[in-house]
Each structure stands twice: as structure tokens, then as C-alpha cells.
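Dear colleague,

Please find below the structure that I am handing over to you. The findings follow directly after it.

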Amino acid sequence: MNLPIRAQDTAISKLGDTYENVAGPALVALLTLINPAFGASAAAIGVLLSYGNSQRAKIKQEYLASQITKQLEQHKNSIHNLNENLHEAVVLAIQGVQSAVSTDKINRFAKIISGHIINSSSWDETATALRAIASLEDIHIKIISEASLHINTGNGQAKFYIEIPNFPKPGMIDGRSTAPTLNILTLLAGRSHTEVEMFCMELMSKGLLHDNGQGSFDKGPVYTLTPAAFWLLQKIESMES
């Protein structure tokens, strides 16, 4: 595969040497093997995955197909039905993949699509997860993923701050401990306070974080992961490192 010189050294472009004209047919074959009745749906997906308005787009789509295939291969004996909205789910994933700049993000789409099949997830659930992932970059996922590993066993909450919050005094506010929690900056090398604050504002706008109201904005505040954040992370579990 001859790539433009400027693209040869990019991680996404290098995927083409391995997956071009391979992953899409493999997915179609696997779905048909699981159950011949899946043939029509599999063929429709194959057409979608073979389409690309650019070489880069095609490489991304083939990589997406390869990751879906890998996930389904591991569970093929337990798959008995294809969700009727699989076609639409793949279309939505392909739309999101076009703006992906990392294989990690593409992997998340693949995990959601394979989960849609393996777990017979509802269309609303799958579509919501796909749209959420399309709007989040790796740094957003890293923030909520790292925070989720620091759960307070007492209340089940996962909290973090960007800089030490300006607490009025040690103790309790509205029944909540004012003790400092995770300093997320220690896990985000090279990121500034302002950058991370902007990332957190975006996460809050999507309902994945909320501000506890503890501390002042010149120092804090303390952020808490919402149930929606844990739900989304569960959708892409095992794909994050």
C-alpha cells in the first residue's frame, strides 16, 4: 500500500498495511459463520466498511472492522441473534471514527458495537454510548478512567481536584468530608491546570462529572464522577489500558 510520504509515519496510516481489504470481509465471514441467517445484515455491513471517501477513512474503517471481528470471535459461540439495529449502529460508529485520531478511540467504538451484538443491547443504549464516545477525546476518557480507580469505599464516590481546593476549614460540608481527594494533575503529565479545567468543563456539560461546590474556582473545585460516567466506562471496559 503506497501512502503519501507525509502520512507514512502516522499510527493510523500504518494500519493500512495490515488491514486494507482484510478486516471488512473477515467480519462479514464471521457473522455469516455464526449463523447463515445473518448473511444479509453482514453483507450490508460489509458494503459500509468497504466505503471510504479517502484512503485514511478506509484505513480507519478497516481497523474498526478488525477490532469488532476480534471481539466477536471471542464470543461467537454465545451469539444467537443479531440486533435489528446493527446496521444503524455501524453507520453511527463509522461517522464517529472519521474524526478519531487514535486507535484507542476507534477501539472504543468497536467495543460498543461488539457489545451491542454480544449483549443484545438496546438501540437507544448503543446509540447514546456511540454519540458520547464520538464527542470525547482520549484525554477525557483518561480523566474519568483514572478517577474511577479512586473510589471512596465509604460512600462509593470517585472524586478528584485539579489543584488543592480552597476549603473553608477541615471537617464536613453538608455531611460531606472536605478532605482532599485525588489530584488529577499528578496523572496527566504535561497538562496545565487551565487545560484540565477546560476538559472537566466539557465532561460536566455531558453529564459525566459534577462540581461538588466545595472550594473556590481559583483553587478548586472538587469534581465527582456521575453514574453516567461509570456507565460509559463499563461500555468500553477492557479496551482501556
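The buried residues of α11 (buried meaning under 20% relative accessible area, with exposed over 50% and partly exposed in between, for a 1.4 Å probe and protein chains only) pack against α7, α8, α9 (138-148) and β6 (222-225). Contact here means heavy atoms within 4.5 Å. Helices (H or I, at least four residues) and strands (E, at least two) are DSSP runs, numbered from the N terminus. Helix α11 covers residues 227-235, and its buried residues are Ala229, Leu232, Leu233 and Lys235. Viewed along the axis of α11, these residues fall within an arc of 155°, so they line one face of the helix; the arc is that of the directions from the helix axis to the C-beta atoms.

Please note that this is a predicted model, in which local features need pLDDT of at least 70 and side-chain atom pairs count only at pLDDT 80 or more, while totals for chains, interfaces and linings use all residues. Residues are numbered from 1 along each chain as its sequence is written, and side-chain values use heavy atoms, with hydrogens and water left out.

The mean pLDDT (the predictor's confidence in each residue, from 0 to 100) is 76 for the chain, and 63% of the residues reach 70 or more. Over residues 1-19 the pLDDT is below 50, and this stretch has 33 contacts in the model beyond near neighbours in sequence.

Helix α8 (residues 123-134) packs with helix α6 (residues 86-97) at an angle of about 5°, their axes being 9 Å apart. Axes are lines fitted to C-alpha atoms, for helices over the stretch in contact, and angles run from 0 to 180 degrees between N-to-C directions. The helices α6 and α8 are therefore roughly parallel to each other (angles under 35 degrees count as roughly parallel, over 145 as roughly antiparallel, 65 to 115 as roughly perpendicular and the rest as oblique). Among the residues making this contact are Leu92 of α6 and Leu130 of α8.

The axes of helix α7 (residues 103-118) and α8 come within 10 Å and cross at roughly 180°. Helices α7 and α8 are therefore roughly antiparallel to each other. In this pair, Lys105, Arg108, Phe109, Ile112, Ile113 and His116 of α7 meet Trp123, Thr126, Ala129, Leu130, Ile133 and Ala134 of α8.

Finally, Gln71 belongs to helix α5 (residues 55-75) and is buried, with a relative accessible area of 9%. The C-alpha atoms of Gln71 and Ile118 are separated by 9.0 Å, with the two residues 47 residues apart along the chain.

With kind regards
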